[in-house]
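Happy to walk through this one with you.

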There are 4 protein chains.
Amino acid sequence: MTLTVENAREIIRVTKEAGAAENMKPLSVVVVDAGGHVIAFERGEGAPPGRFDIAQGKAYGSIMLGIGGTAQRDRAEAQAYFVLAANGAYQGRLVPVPGGILVRDTKGAVIGAVGVTGDTSENDLAAGEAGIQAVGLIAEG
Amino acid sequence: MTLTVENAREIIRVTKEAGAAENMKPLSVVVVDAGGHVIAFERGEGAPPGRFDIAQGKAYGSIMLGIGGTAQRDRAEAQAYFVLAANGAYQGRLVPVPGGILVRDTKGAVIGAVGVTGDTSENDLAAGEAGIQAVGLIAEG
Amino acid sequence: MTLTVENAREIIRVTKEAGAAENMKPLSVVVVDAGGHVIAFERGEGAPPGRFDIAQGKAYGSIMLGIGGTAQRDRAEAQAYFVLAANGAYQGRLVPVPGGILVRDTKGAVIGAVGVTGDTSENDLAAGEAGIQAVGLIAEG
Amino acid sequence: MTLTVENAREIIRVTKEAGAAENMKPLSVVVVDAGGHVIAFERGEGAPPGRFDIAQGKAYGSIMLGIGGTAQRDRAEAQAYFVLAANGAYQGRLVPVPGGILVRDTKGAVIGAVGVTGDTSENDLAAGEAGIQAVGLIAEG
């Protein structure tokens with residue numbers, strides 16, 4: 001199973017709506033495939049211009065390390081130099097905080113990841129989970 | 001005037017529909033702002049994974065050089081070393097062929113650019129123009 | 001369907017044997033997945049130290065552009081500046097000559113790519129095709 | 001004396017078997033030569049896609065700094081800024097934790113390095129040592 005473009009568009013739509021419903025700041029959302037390549041992205045209205053890179057870093061790092069942003073943050077807090085070194089190995093493309101979320105199919109296989117940024121990391125994560133669950137997939141943040 | 005996220009979403013939707021109506025291969029479309037930063041992107045269904053980089057290169061180069069992809073292509077065919085050198089100055093992020101399209105408002109100011117890839121460069125351009133015109137803006141390919 | 005590590009190991013083994021049987025120079029062979037990420041690599045015995053990067057460039061470019069090395073070479077000969085610009089968009093990681101080979105499953109889906117280097121580009125391609133066919137998959141060079 | 005391709009293949013095979021025998025997660029293993037260039041690599045079955053970069057960082061850093069991953073980790077914990085600065089000097093390619101292992105010949109000369117990743121750093125190291133010893137060489141982790 002793979003994430004379709006339609007899945008990605010719906011994940012973005014629901015994630016942004018979930019953020020708006022909770023009065024979060026405008027969320028920027030990326031969806032990547034199982035290889036970390038971008039399927040779709042939308043910036044939050046009025047958000048700073050470089051949001052793509054942050055959202056992408058959250059999603060890309062989740063794919064590359066095989067763990068969600070919460071686990072990345074925990075590892076970074078326990079052993080910062082390791083996460084910084086891993087970041088170097090991936091050309092500085094990791095953003096190891098909540099809001100990077102693995103997407104698994106109903107059999108448990110990783111089929112992509114979502115990166116959300118704009119509000120607190122925990123709120124980013126909550127909104128992204130709502131988006132992933134809306135298309136019947138499993139979120140691992 | 002600035003390009004809104006809603007503009008970008010509509011440009012992508014109409015560009016992809018215009019391609020499908022002409023039986024083009026699935027189009028991938030990026031919309032960037034007046035600083036060359038991504039507002040929204042959507043890959044074509046079934047397209048190769050790295051389409052973002054090509055679409056982005058078309059749009060980014062249009063913003064950086066201040067001319068559309070057709071004029072970039074003409075310059076590259078007349079003086080390849082100049083365009084390659086400019087590409088070095090922009091960290092290799094230019095893709096100087098048709099399908100990179102400046103977006104101007106009705107007063108002529110550049111407010112963003114669109115990058116389209118997936119079919120021939122000329123078809124990519126035609127579809128992108130349809131998308132830009134659908135939101136009442138001016139395309140310069 | 002995805003390429004397994006065992007598939008990759010067998011593709012490498014048969015590709016190197018096919019080269020040796022035709023008295024080619026020692027071949028270096030990489031196998032990447034559908035996202036362009038390395039599954040397995042083996043340098044040719046006595047080959048120069050940097051063979052990984054060439055083999056990887058052939059395979060990575062095939063995945064990113066969605067065409068094999070022969071089609072990349074043809075495009076480069078017709079429109080060199082485009083292929084060089086695409087290379088910039090992919091951080092200089094393309095090597096657009098024969099020996100980069102898409103791997104399709106029996107339904108036609110791209111599930112990975114192989115990159116072979118060491119002898120002439122045409123011989124590299126022939127050996128890699130033998131490797132891919134040995135595991136019942138389809139080679140598009 | 002130099003590490004042969006056959007040595008590298010055997011080191012990878014035994015390292016992965018050693019990991020499996022101890023119920024470790026699937027290990028990804030790279031073998032590099034005395035210049036830090038890849039001889040052979042194999043990802044662990046089912047491991048995340050970017051394992052090459054981590055394994056390579058462990059092995060490359062061992063060669064460049066002339067010490068194994070355990071000594072690198074100790075230095076990083078004592079003086080993080082130094083290891084991070086060294087990492088910058090090597091373009092971010094160091095991963096200074098156990099699992100990066102120097103390979104010495106029986107006279108003590110460094111002839112290559114191994115990078116192992118997938119389980120805990122200590123387990124990665126133990127499995128890699130088994131691989132190196134299986135070909136009659138000396139591991140310095």
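Q: By what rotation is chain C superposed on chain A in this predicted model?
A: The model is predicted, and superposing chain C on chain A gives an RMSD of 0.0 Å with 0.0 Å of shift along the axis. The two copies are thus related as by a two-fold rotation axis. Of the contact residues of chain C, 100% recur in chain A, so the same surface serves both copies. The rotation is 180°.

Q: Which residue of chain C comes closest to the rotation axis?
A: Its C-alpha lies 2.1 Å from the axis. The residue is C:Gly35.

Q: Which are the edge strands of the open sheet of 10 strands?
A: Its order is 5(C)-3(C)-4(C)-1(C)-2(C)-2(D)-1(D)-4(D)-3(D)-5(D), with antiparallel pairing. Neighbouring strands are turned by 25° against each other on average, direction ignored. An edge strand pairs on one side only, and this holds for strand 5 (138-140) of chain C and strand 5 (138-140) of chain D.

Q: What is the bridge partner of D:Leu102 in strand 5 of chain D?
A: Strand 3 (residues 100-104) of chain D runs antiparallel to strand 5 of chain D, and three bridges join them. In strand 5, the partner of D:Leu102 is D:Glu140.

Q: What angle does helix 2 of chain D make with strand 4 of chain D?
A: Helix 2 (residues 51-65) lies across strands 1, 2, 3 and 4 of chain D, together with strand 2 (38-42) of chain C. Helix 5 (residues 121-134) of chain D also packs on the sheet, at about 20° to strand 3 of chain D. For helix 2 and strand 4 of chain D, the angle is about 145°.

Conventions. Residues are numbered from 1 along each chain as its sequence is written. Chains are lettered from A and ligands numbered from 1 in the order in which they are written. This is a predicted model: local features need pLDDT of at least 70, side-chain atom pairs count only at pLDDT 80 or more; totals for chains, interfaces and linings use all residues. Side-chain values use heavy atoms; hydrogens and water are left out. Copies are superposed by least squares on the C-alpha atoms of residues with pLDDT of at least 70 in both. Contact means heavy atoms within 4.5 Å. Two strands pair if DSSP finds at least two bridges between them. Helices (H or I, at least four residues) and strands (E, at least two) are DSSP runs, numbered from the N terminus. Axes are lines fitted to C-alpha atoms, for helices over the stretch in contact, and angles run from 0 to 180 degrees between N-to-C directions.
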